[in-house]
Amino acid sequence: RPGRRARMFIFQLLLKNAFRHKLRTLLTMVGLVVAISAFGLLRTIVDAWYAGVEGTSSTRLITRSAISIGQPLPRYYAERIRKIEGVSGVTWANWFGGIYLDRRNFFARFAVDGPSYFDIYPEYQLTDAERAAFMADRQGAIIGRDLAQRFGWKVGDTIPLSGTIYPGNWSFTVRGIYASPDPATDESIMLMHWSLLSENLRKRLGSTAAEQVALYVVGISDPSRASTISQDIDALFRNSNAETKTETEKSFQLGMVAMSQTVLMAIRAVSLVVILIIMAVMANTMTMTARERLAEYATLKALGFSPAFVVKLLFGESLMIAVIGGAIGMALTFPLTAAFVQQTGTLFKVFEVSQTTLVYQALAALVVGLLAAAWPAWKMSRIDIVQGLRHVA
């Protein structure tokens with residue numbers, strides 16, 4: 001009981017000391033809240049950038065042009081790839097682009113080969129009726145569950161698109177809404193028939209343009225042979241007019257992320273700078289606090305309290321401010337990320353505050369609290385009693 005009362009007394013003392021100068025403490029805490037919540041948001045953005053990598057499959061390869069991802073490949077490559085040993089299936093896709101009402105309504109749109117696409121992507125789960133309706137309607141579309149919720153679409157609705165890559169006014173009818181049990185799966189994609197796109201290109205540009213695809217998705221039965229099969233595919237088209245580059249789906253996604261590497265490095269740098277700034281602010285607060293209480297700490301030492309007790313008081317006060325501010329900042333990260341998602345729509349496949357981010361936020365708050373008190377605590381532990389008692393706070 002005496003030990004419990006002593007701990008309670010110390011806690012009350014720390015709380016009272018922390019809020020002795022309420023305005024200064026509140027301003028410091030507000031800065032800490034902003035820093036920790038901003039740090040959490042920035043880390044969540046970085047995690048979201050890599051979410052597509054986490055949702056990749058080890059049984060899929062991506063074959064694209066060896067020149068660049070914007071260079072098309074002939075559609076007849078599909079039959080030749082399908083004959084390679086170890087290949088279990090082949091499908092293809094084109095980036096469709098287009099605008100729905102406003103450029104801010106961004107979401108991914110792909111023209112795909114309906115009969116083969118969903119065999120390669122079994123995580124895109126549809127009912128048999130939805131799949132049959134899509135196959136029967138050349139202007140049909142399949143959309144993800146997140147996309148349907150974002151715009152309030154349902155099966156049977158019409159989606160008008162203004163063409164960008166492929167000019168003209170396009171109209172698609174929702175024939176199915178896919179969902180996935182895997183949280184890493186992107187549920188914000190719109191899929192339409194590649195055959196419709198091909199037919200349109202044939203009328204405008206001729207048969208050559210109509211028989212080209214952006215990339216192939218190759219299903220393989222044995223992930224351990226991914227490298228060998230990739231080499232076999234690329235060897236098949238070596239020295240042709242359209243050489244290929246084949247890699248695992250994960251490598252392909254990492255390559256896409258690498259294009260934004262400079263942005264990611266900048267985001268990481270900003271998140272660290274934010275923490276360093278609030279650390280400097282809080283260190284200044286603790287230094288001012290220690291200087292004002294110089295006479296008090298000297299009195300404690302004169303009464304027989306050890307220098308370690310003075311150090312514990314300063315560290316305890318700093319950690320209390322850091323813990324309270326850090327906890328509020330962590331709590332505010334969730335509504336902050338929700339507001340960010342509302343503004344960016346379906347720009348990111350997965351945008352959730354991870355457990356790792358919360359751990360980093362907690363560690364950042366604790367490190368700020370400890371380092372901010374380190375210098376003033378060391379100085380106060382070495383004060384001379386006589387000189388301290390002469391000090392007028």
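Which residues does Phe172 touch, not counting residues up to four places away in sequence? In this predicted model, Phe172 touches Phe96, Gln139, Gly140, Ala141, Asp157, Thr158, Ile159, Leu161, Met190, Met192 and Leu196. Phe172 is also among the residues with the most contacts inside the largest nonpolar core.

- Nine strands form an open sheet with mixed pairing, in the order S6-S7-S5-S8-S4-S3-S10-S1-S11.
- Strand S6 (158–162) and strand S11 (244–248) are the edge strands, and each of them pairs on one side only.
- On average, neighbouring strands of this sheet are turned by 35° against each other, with direction ignored.

**Strand S5 and its neighbours**

- Strand S5 (residues 140–144) runs parallel to strand S7 (residues 169–178), and 5 bridges join the two.
- Within this pairing, Ile142 stands opposite Gly176 in S7, and Gly144 stands opposite Tyr178 in S7.
- With S8, strand S5 pairs in the antiparallel sense over 3 bridges.
- Here Ile142 stands opposite Leu191 in S8.
- In a regular strand, the side chains alternate between the two faces of the sheet.
- In S5, Gly140, Ile142 and Gly144 point one way, whereas Ala141 and Ile143 point the other way.
- Why is S5 described as largely enclosed by the rest of the structure? The reason is that 5 of the 5 residues of S5 are buried.

**Helices across the sheet**

- Helix H6 (residues 128–136) lies across S5, S7 and strand S8 (189–193), and runs at about 160° to S7.
- Helix H10 (residues 226–236) lies across strand S1 (60–65), strand S3 (87–95), strand S10 (215–220) and S11.
- The direction of H10 is at about 170° to S11.

**Nonpolar cores**

- In soluble globular proteins, nonpolar side chains tend to be buried together.
- The largest nonpolar core of this model has 40 residues, and those with the most contacts inside it are Leu161, Phe172, Met190 and Tyr216.
- Helix H8 (residues 194–205) supplies the largest share of this core, with 4 residues.
- A second, separate core has 20 residues, including Ile36, Phe39, Ile321 and Met380.

**Aromatic rings**

- A pair of aromatic rings is described by the distance of the centres and the angle of the planes.
- The structure holds 21 aromatic pairs.
- One of them joins Tyr100 and Phe151 in an edge-to-face arrangement, at 5.2 Å centre to centre and with 80° between the planes.
- This pair links distant parts of the chain, 51 residues apart: Tyr100 is in the loop between S3 and strand S4 (108–112), and Phe151 is in helix H7 (residues 145–151).
- Tyr100 has 10% relative accessibility and therefore counts as buried, whereas Phe151, at 21% relative accessibility, counts as partly exposed.
- The rings of Tyr100 and Trp153 also form a pair, with centres 5.0 Å apart and planes at 80°, so this pair is edge-to-face.
- Because Tyr100 lies in the loop between S3 and S4 and Trp153 in the loop between H7 and S6, the pair ties together parts that are 53 residues apart in sequence.
- Tyr100 and Trp153 are both buried.
- Elsewhere, ring pairs link Tyr117, Phe118, Tyr121, Tyr124, Phe134 and Tyr178 into a cluster.
- A charged residue also meets a ring: Arg109 lies over the face of Phe107, at 4.0 Å from the ring centre.

**Positive phi angles**

- Most residues other than glycine have a negative phi.
- Leu101 is a residue other than glycine with a positive phi, near 65°.
- Leu101 is found in the loop between S3 and S4, and with a relative accessible area of 67% this residue is exposed.
- Asn239 likewise is not a glycine, yet has a positive phi of about 70°.
- Asn239 lies in the loop between H10 and S11.
- Is Asn239 buried or exposed? Its relative accessible area is 71%, so Asn239 is exposed.

Terms used:
Residues numbered from 1 in each chain as written. Heavy atoms only, no water. Pairing = 2+ DSSP bridges. Axes fitted to C-alpha atoms, helices over the stretch in contact; angles between N-to-C directions. Contact = heavy atoms within 4.5 Å. Buried < 20%, exposed > 50% of the residue type's maximum accessible area, 1.4 Å probe, protein only. Core = buried A, V, L, I, M, F, W, Y, C linked by side-chain atoms within 4.5 Å. Phe/Tyr/Trp six-rings, centres within 6.5 Å; stacked < 30°, edge-to-face > 60°. Lys NZ or Arg CZ within 6 Å of the ring centre and 35° of its normal.
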